[in-house]
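Please open the model in a viewer and keep the selection panel at hand. The stops below are arranged so that each selection leads to the next.

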Amino acid sequence: MSEVHHAITAHVQKQHTILKQFAMLEAERERLIDEAVERCRRGEPFTVEAINEVTKQMNELAAGGLVPARRYVTPEMVRDYVRRLEEK
């Protein structure tokens, strides 16, 4: 019975680690998106490469089924979002 308990504990700890990693990556992704949006709003050049590198890491975690996958971001998506913000 002790072996089962240890296996369950290890499994839960692994899931907790994945959730923590995902949350940290999500926060970083949002920060990078906000930065790209602000640069776009100011008419400055921006890139989505860093956003998509974080997205790739998130999607690798999502492959295990515990957390959701995220869409890759294109420059056009950022520009469209900025246009919608400015229309409000």
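## Stop 1: a salt bridge to begin

Select Arg70 and Glu26: the two form a salt bridge, with their closest N and O atoms 3.1 Å apart. A salt bridge here is a side-chain nitrogen of Lys or Arg within 4 Å of a carboxyl oxygen of Asp or Glu. The pair joins distant parts of the chain, since Arg70 sits in the loop between α2 and α3 and Glu26 in helix α1, 44 residues apart. Helices (H or I, at least four residues) and strands (E, at least two) are DSSP runs, numbered from the N terminus. Arg70 is partly exposed, at 26% relative accessible area; buried means under 20%, exposed over 50%, and partly exposed in between (1.4 Å probe, protein chains only).

The model is predicted: local features need pLDDT of at least 70, side-chain atom pairs count only at pLDDT 80 or more, and totals for chains, interfaces and linings use all residues. Residues are numbered from 1 along each chain as its sequence is written, and side-chain values use heavy atoms, with hydrogens and water left out.

## Stop 2: further salt bridges

How many salt bridges does the structure hold? There are ten. Side chains of opposite charge can pair when their charged atoms come close.

Next, select Arg31 and Glu35, whose side chains meet in a salt bridge at 3.3 Å, N to O. Both lie in helix α1, four residues apart, which is about one turn of the helix. Arg31 is partly exposed at 42% relative accessibility, and Glu35 is partly exposed at 40%.

About one helical turn separates Lys56 and Glu60, because they are four residues apart in helix α2. Lys56 is partly exposed, with a relative accessible area of 39%, whereas Glu60 is exposed, at 51%.

Then select Glu76, Arg79, Asp80 and Arg83, which are linked in a network of salt bridges.

## Stop 3: the nonpolar core

Select Ile51, Leu61, Val67, Val73 and Val78, the residues with the most contacts inside the largest nonpolar core, which has 18 residues. α1, α2 (49–62) and α3 each supply at least two residues of this core, and α1 gives the most, with eight. Such a core is a set of buried Ala, Val, Leu, Ile, Met, Phe, Trp, Tyr and Cys residues joined through side-chain atoms within 4.5 Å.

Centre the view on Val67. Neighbours within four places in sequence aside, Val67 is in contact (heavy atoms within 4.5 Å) with Ile18, Leu19, Phe22, Leu61 and Ala62.

From Val67, draw a distance to Thr9: their C-alpha atoms are separated by 19 Å, and the two residues are 58 apart along the chain. Thr9 is found in helix α1 and is partly exposed, with a relative accessible area of 30%.

## Stop 4: the largest pocket

Which residues line the largest pocket? Select Glu30, Ile33, Val37, Val73, Met77, Val78, Tyr81 and Arg84 to display the lining.

Colour the lining by residue class: six residues are nonpolar, none polar and two charged. To finish, note that the volume of the largest pocket is about 160 Å³.

Technical notes:
1 Å grid on protein atoms, 1.4 Å probe; cavity = no way out; pocket = protein on both sides within 12 Å on 5 of 7 lines; lining within 4 Å. Points joined across faces, edges and corners; volume = space filled by probe spheres on them. Nonpolar A, V, L, I, M, F, W, Y, C, P; charged D, E, K, R; others polar.
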